[in-house]
Amino acid sequence: MERIHFIAIGGSVMHQLAIALSKKGYEVTGSDDEIFEPARSNLKEQGLLPPTEGWYPEKIHAGLDAVILGMHAKSDNPELLKSNELHLNIYSFPEYIYQASKEKKRVVIGGSHGKTTTTSMIMHVLKSAGASFDWMVGARLEGFSQSVNITNAPVIVCEGDEYPASAIEKQPKFHFLFPHIAVITGIAWDHINVFPSFEIYLEQFRIFIDKIEPGGLLIYNETDPVLKKLVEEHPSKLRRTGYGVPLHRIENGTTVVTLEGRLGKLKVFGDHNLLNLQAAYLVCKELKINTSDFIEGMASFTGAAKRLELLGTNVHCNVYRDFAHAPSKVRASMEAVRRQFPGRRLIAVLELHTYSSLNEAFLSEYKGTMDPADLAIVFYSRHALELKRLPPLPVEKVKEGFGSSSLIVINEKEELLHLLTQQSYENVNLLLMSSGNYDGLDMTQFATQITK
């Protein structure tokens, strides 16, 4: 029996991998200095919750087959130091995923945006078609009890993150997965604290292409000029397939897509989702899923959590929650809602929450992104600035960065709630975009109130 120890077991994907390996029959232990919900309840239910929080070097012993190091752990972590002393096998999360899937066909979805949704679409269709596969995805998906699964399945589908693998391994996570089928959904620079220049960011994708297994397939979004140029100039001899937005039409707020002459109604919408769908289709074709089965599977796909997620609806109003925070994601979500419901007024709220979005030097990247809204609101809390140790962000600089004098900029959550409460929601769509939580506002409850 394999014995695995997790340093920082409470992480959102770390605890899911711990549960998956425990279900596989491995002996799993772990530590963390703080474990939040839902990880705490999930671990407790499986008998994996550490009895006390903190780091305990005595848990580290020569009998461990592997130590998996989470992002939350620092390089001076006492359990990590003990693991090094004993010369144990230490893996970052993606390194271990590769070790566990060496004999599988590996599918990896990379890109600056759309990774989670594309991965989710592939998983949903494979499940609908009855295929056997493992997975790793960064969101909660309907129909899947966990976001990571490792069994003896012949295929694994992974969301490929371009951010550092661990505290001691600074290379991007997707450099360690070595796909047979790779997707790049698009390239848009973000997280300037990790990638201080666009060229450094681009280089991570060149390296990713080099990591594709010989004879593998690269599927890429050829509507992205930066990505198209990067792929065309790359010396690799891989098979390459570009994709764009598939043929489709909108009928009474519902998108109908056409793939190889077959029509299917979708629950998701927007060009960005159609691009994701086309990438997912090409992957599924490579995995021997036919067009009819793909369309049948996609007909019931409702999206990943917080990706244009419908929080509330009635005949007059829809409320959508979206994880959009980077400029390209904000632009795509805004345009999708506007085009799907051209006759409705659009109220859009964007919370600046990431290090990049709260950085005055980065704000010009958002120029014009909120223009499609009839009422455009940008919210950020002083608390978020303090947590990221950033200086105060003047309202005038935000308006200047977005290129809009009519933009409403708010710092207090009570003021935001008051403004939203005063609006009429007759023939309106409300789009809530954030990777945070609006400084603690319950937007789910608000959505229920205005649509009940």
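In the predicted model, strand S9 (residues 181-184) and strand S10 (residues 217-221) run parallel and are joined by four bridges. Within this pair, Val183 has Ile219 of S10 as its bridge partner. Both strands belong to an open sheet of seven strands, arranged in the order S7-S6-S8-S5-S9-S10-S11 with mixed pairing. The edges of this sheet are strand S7 (148-149) and strand S11 (239-243); each has a single partner strand, so one side of each is left without a neighbour in the sheet. Helix H7 (residues 225-233) packs on the sheet and touches S9, S10 and S11. The direction of H7 makes about 150° with that of S10.

A further open sheet is formed by six strands in the order S15-S16-S20-S17-S18-S19, and its pairing is mixed. Here strand S15 (309-313) and S19 take the edge positions; each has a single partner strand, so one side of each lacks a neighbour in the sheet. On average, and with direction ignored, neighbouring strands of this sheet are turned by 20° against each other. Helix H10 (residues 327-340) packs on the sheet through strand S16 (317-322), S17 and S20, and its direction makes about 165° with that of S20. Helix H12 (residues 395-402) also packs on the sheet, touching S17, S18 and S19. The angle between the directions of H12 and S19 is about 140°.

Strand S17 (residues 345-351) pairs with S18 in the parallel sense over five bridges, and Ala348 stands opposite Ala376 in S18. S18 also runs parallel to strand S19 (residues 408-410), to which three bridges join it. In this second pairing, Ile377 has Ile408 of S19 as its bridge partner. Burial was then examined along S18. Buried residues are those under 20% relative accessible area. Five of the five residues of S18 (residues 375-379) are buried, so the strand is largely enclosed by the rest of the structure. Both faces of S18 are covered, with Leu375, Ile377 and Phe379 buried on one side and Ala376 and Val378 buried on the other.

Val428 lies in strand S20 and counts as buried because its relative accessibility is 2%. Leaving aside residues up to four places away in sequence, Val428 touches His316, Cys317, Asn318, Arg344, Arg345 and Ile347. Val428 and Gly343 are 85 residues apart in sequence, while their C-alpha atoms are 8.9 Å apart in space. Ser356 is found in the loop between S17 and S18. With a relative accessibility of 1%, Ser356 counts as buried. Its contacts, again not counting residues up to four places away in sequence, are Asp190, His191, Ile192, Asn193 and Phe362.

Helix packing was described for one pair. Two packed helices are described by the angle between their axes and the distance between the axes. The axes of helix H5 (residues 115-128) and helix H8 (residues 271-286) come within 9 Å and cross at roughly 45°. H5 is therefore oblique to H8, and the crossing is right-handed. On the H5 side the contact is made by Thr117, Thr118, Met121, Ile122 and Val125, and on the H8 side by Asn273, Asn276, Leu277, Ala279, Ala280, Val283 and Cys284. Sorted by class, the contact of H5 with H8 has eight nonpolar residues, four polar residues and no charged residues.

Most residues other than glycine have a negative phi, and most peptide bonds are trans. The peptide bond from Glu37 to Pro38, however, is cis, with omega near 5°. Pro38 is placed in the loop between strand S2 (27-31) and helix H2 (39-45). Asn252 is not a glycine, yet it has a positive phi of about 50°. Asn252 is found in the loop between strand S12 (248-251) and strand S13 (254-259), and at 84% relative accessibility it counts as exposed. Tyr438 is likewise not a glycine and has a positive phi of about 55°. The loop that holds Tyr438 is the one between strand S20 (428-433) and helix H14 (443-451). Tyr438 counts as buried, because its relative accessibility is 5%.

Note on methods. Residues numbered from 1 in each chain as written. Predicted model: local features only at pLDDT ≥ 70, side-chain atom pairs only at ≥ 80, totals over all residues. Heavy atoms only, no water. Buried < 20%, exposed > 50% of the residue type's maximum accessible area, 1.4 Å probe, protein only. Helix = DSSP H or I, 4+ residues; strand = E, 2+ residues; numbered from the N terminus. Pairing = 2+ DSSP bridges. Axes fitted to C-alpha atoms, helices over the stretch in contact; angles between N-to-C directions. Parallel < 35°, antiparallel > 145°, perpendicular 65-115°, else oblique. Left-handed = near helix turned anticlockwise from the far one by under 90°. Contact = heavy atoms within 4.5 Å. Nonpolar A, V, L, I, M, F, W, Y, C, P; charged D, E, K, R; others polar.
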